[in-house]
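Work through the exercises below with the model open beside the text. Try each task before reading its solution.

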Amino acid sequence: MASLDGTAQTWAQQAQEILAGAQEQLASSEEMLASANALREMAEALRLLIERFQTDEEEKISG
């Protein structure tokens with residue numbers, strides 16, 4: 001019976017290690033998602049800036 005208890009304890013420890021690794025991966029994924037969202041916002045701001053610049057240039061040409 002002691003052997004079974006030791007095996008169960010080993011499995012529980014391995015499961016905890018796997019869970020810890022999964023939690024680290026989740027944290028990393030969340031950081032990457034936050035970075036991707038920040039990049040998306042910067043890209044949108046840049047797109048709006050370019051659009052405004054083009055409009056200003058078109059007004060200069062036509063005005």
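Helices (H or I, at least four residues) and strands (E, at least two) are DSSP runs, numbered from the N terminus. The model is predicted: local features need pLDDT of at least 70, side-chain atom pairs count only at pLDDT 80 or more, and totals for chains, interfaces and linings use all residues. Residues are numbered from 1 along each chain as its sequence is written, and side-chain values use heavy atoms, with hydrogens and water left out.

**Exercise 1. Overall form**

Task: State how many helices and strands the chain has, and compare its radius of gyration with the globule rule.

Solution: 
- Step 1. For 63 residues the rule gives 11 Å, whereas the chain has 27 Å, so the chain is more spread out than a compact globule.
- Step 2. The C-alpha trace spans about 90 × 10 × 5 Å along its principal axes.

**Exercise 2. Surface**

Task: Find what percentage of the 63 residues is buried, and describe the nonpolar patch that includes I50.

Solution: 
- Step 1. Buried means under 20% relative accessible area, exposed over 50%, and partly exposed in between (1.4 Å probe, protein chains only).
- Step 2. Buried residues account for 0% of the 63 residues.
- Step 3. Accessible areas come from the Shrake-Rupley method with a 1.4 Å probe; for residues, only the protein chains shown count as cover.
- Step 4. The chain exposes about 5,800 Å², and 60% of that comes from carbon and sulfur atoms.
- Step 5. A patch takes residues with over 30% relative accessible area and no salt bridge, joining like charges within 9 Å and nonpolar side chains (Val, Leu, Ile, Met, Phe, Trp, Tyr) within 5 Å.
- Step 6. L46, L49 and I50 make up a nonpolar surface patch, with about 290 Å² of accessible area together.
- Step 7. I50 lies in helix α1 (residues 2-62) and is partly exposed at 43% relative accessibility.

**Exercise 3. Salt bridges**

Solution: 
- Step 1. A salt bridge is a side-chain nitrogen of Lys or Arg within 4 Å of a carboxyl oxygen of Asp or Glu.
- Step 2. R47 pairs with E44, their closest N and O atoms being 2.6 Å apart.
- Step 3. K60 pairs with E57, with 3.4 Å between the closest N and O atoms. K60 and E57 are three residues apart in helix α1, so about one helical turn lies between them.
- Step 4. K60 is exposed, at 60% relative accessible area, whereas E57 is partly exposed at 28%.
- Step 5. Salt bridges with shared partners join E44, R47 and E51 into one network.

How values were computed: Rg over C-alpha atoms; globule rule 2.2 N^0.38 Å.
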